[in-house]
Amino acid sequence: MKMKSRIMGALLVVGTLYAQSEVDLRLKKEQLEADIRKIDRNIISTDSLTTLESKRFEAKKSRQVETIAQKKSELDTLSDQLRDIQVQIGREGFKQSRFKMKTENLNSQLGATALAISKKAAEVASLVESGLPWDLESRVSRVRALKRDLEVGTATAEEGTSRLSAMVSAEIKFNDEVVLNERSITRNNGELVNVQMLRMGNVWMVYMDATGQMYGRLIKKTSDQGPGYVWVEDLDFNQRKAVREAIEIKMAKRAPELILLPLSLSVSPQEVK
């Protein structure tokens with residue numbers, strides 16, 4: 001009996017050991033399977049990251065290709081603009097050369113000597129005196145002062161040419177500009193009034209007083225004392241309307257528009273005997 005008990009005990013111990021070993025093996029198996037699943041997940045995750053990175057790389061590469069194409073297009077545009085600028089510079093250089101040539105010819109014509117320039121100054125003074133009496137005294141005195149300086153030798157030919165050229169340029173501007181000033185004038189009846197005086201170049205002068213009741217236009221007059229100018233103040237309705245509209249446009253009180261002047265307000269100086 002004792003022997004049988006021992007054998008049973010040994011078998012029980014062996015069975016227990018086998019059972020424990022089976023449990024351990026099962027646990028190891030499960031652990032291995034878990035590790036394998038983890039590795040599989042890591043592989044899938046790595047593949048996903050690799051695919052994502054590949055897509056990002058392709059997108060970045062595509063953007064770089066587009067950027068390069070855009071920069072190339074901009075470079076081509078800048079090259080075209082540069083060629084256009086070079087062409088324009090060439091044209092401007094040609095224009096400046098022509099202008100310089102004309103200026104040199106003009107300076108040569110104005111006078112190689114002080115005497116020639118003095119004669120030109122006299123001609124300019126005569127032209128100024130025959131024009132509208134707008135700041136006439138100061139304009140004429142500048143030209144006559146130059147003529148006097150050249151004649152007495154206080155101005156060189158070079159200085160005379162420069163001063164005369166400036167005066168001619170000023171007179172050209174005078175002929176082209178439209179000017180509106182507030183001035184005091186003496187009307188034909190001797191009344192002194194403040195008016196808005198409008199001058200169009202060297203051909204037309206009109207005025208309107210502050211009340212819009214008194215108007216006048218300047219016409220050329222020839223008398224026994226020689227040519228001169230006189231105010232005509234008996235303007236009809238259309239003439240007063242034309243003067244008022246022209247002054248209001250210059251004062252920015254009216255939108256710019258084409259004003260049809262009556263024939264009696266022609267810009268050609270009218271001579272009256």
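Which residue lies over the face of W134, and at what distance from the ring centre? R183 does, at 3.8 Å. A charge is said to sit over a ring if NZ of Lys or CZ of Arg is within 6 Å of the ring centre and within 35 degrees of the ring normal. A second case involves F174: the charged end of R199 sits over its ring, 3.8 Å from the centre.

The model is predicted, so local features need pLDDT of at least 70 and side-chain atom pairs count only at pLDDT 80 or more, while totals for chains, interfaces and linings use all residues. Residues are numbered from 1 along each chain as its sequence is written, and side-chain values use heavy atoms, with hydrogens and water left out.

**Overall layout**

The protein has five helices and six strands. Helices (H or I, at least four residues) and strands (E, at least two) are DSSP runs, numbered from the N terminus. Along the sequence they follow the pattern α-α-α-α-β-β-β-β-β-α-β. Of the 273 residues, 23% count as buried. Buried means under 20% relative accessible area, exposed means over 50%, and partly exposed lies in between (1.4 Å probe, protein chains only).

**The paired strands**

Two strands pair if DSSP finds at least two bridges between them. Strands β1 (residues 178-186) and β2 (residues 192-200) run antiparallel and are joined by nine bridges. Strand β2 is also joined to β3 (residues 204-209), again antiparallel, by six bridges. Strand β3 in turn pairs with β4 (residues 215-223) in the antiparallel sense, over three bridges.

| Hairpin | Residues between the strands | Glycine and its positive phi |
|---|---|---|
| β1 and β2 | five residues | G190, about 90° |
| β2 and β3 | three residues | G201, near 60° |
| β3 and β4 | five residues | G212, about 75° |

**The nonpolar core and the aromatic pair**

A nonpolar core is a set of buried Ala, Val, Leu, Ile, Met, Phe, Trp, Tyr and Cys residues joined through side-chain atoms within 4.5 Å. The largest one has 13 residues, and those that touch the most other members are W134, I185, V195, M197, M205, Y207 and W231. Two or more residues come from each of β1, β2 and β3. The biggest contribution is that of β2, with three residues.

Two of these core residues, Y207 and W231, also belong to an aromatic pair. Rings of Phe, Tyr and Trp (its six-membered ring) pair if their centres lie within 6.5 Å; planes under 30 degrees apart count as stacked, over 60 as edge-to-face and the rest as tilted. A search of the whole structure finds one such pair. The ring centres of Y207 and W231 are 5.0 Å apart and the planes stand at 80°, so the pair is edge-to-face. It links distant parts of the chain, since Y207 is in β3 and W231 in β5 (residues 226-232), 24 residues apart. Y207 is buried, at a relative accessible area of 0%; W231 is buried too, at 14%.

**Helix α2**

Helix α2 (residues 114-129) has 16 residues. The expected span of a helix is 1.5 Å times one less than its number of residues. For α2 this gives 22 Å, and the end C-alpha atoms are 22 Å apart, which agrees. Its buried residues are I117, S118, A121, V124, A125 and V128. An α-helix has 3.6 residues a turn, so residues three or four places apart point the same way.

D135 is not a glycine, yet has a positive phi of about 50°. D135 is found in the loop between α2 and α3 (136-152) and is partly exposed, at 39% relative accessibility. A252, also not a glycine, has a positive phi of about 65°. A252 lies in the loop between α5 (237-250) and β6 (271-272) and is exposed, with a relative accessible area of 67%.
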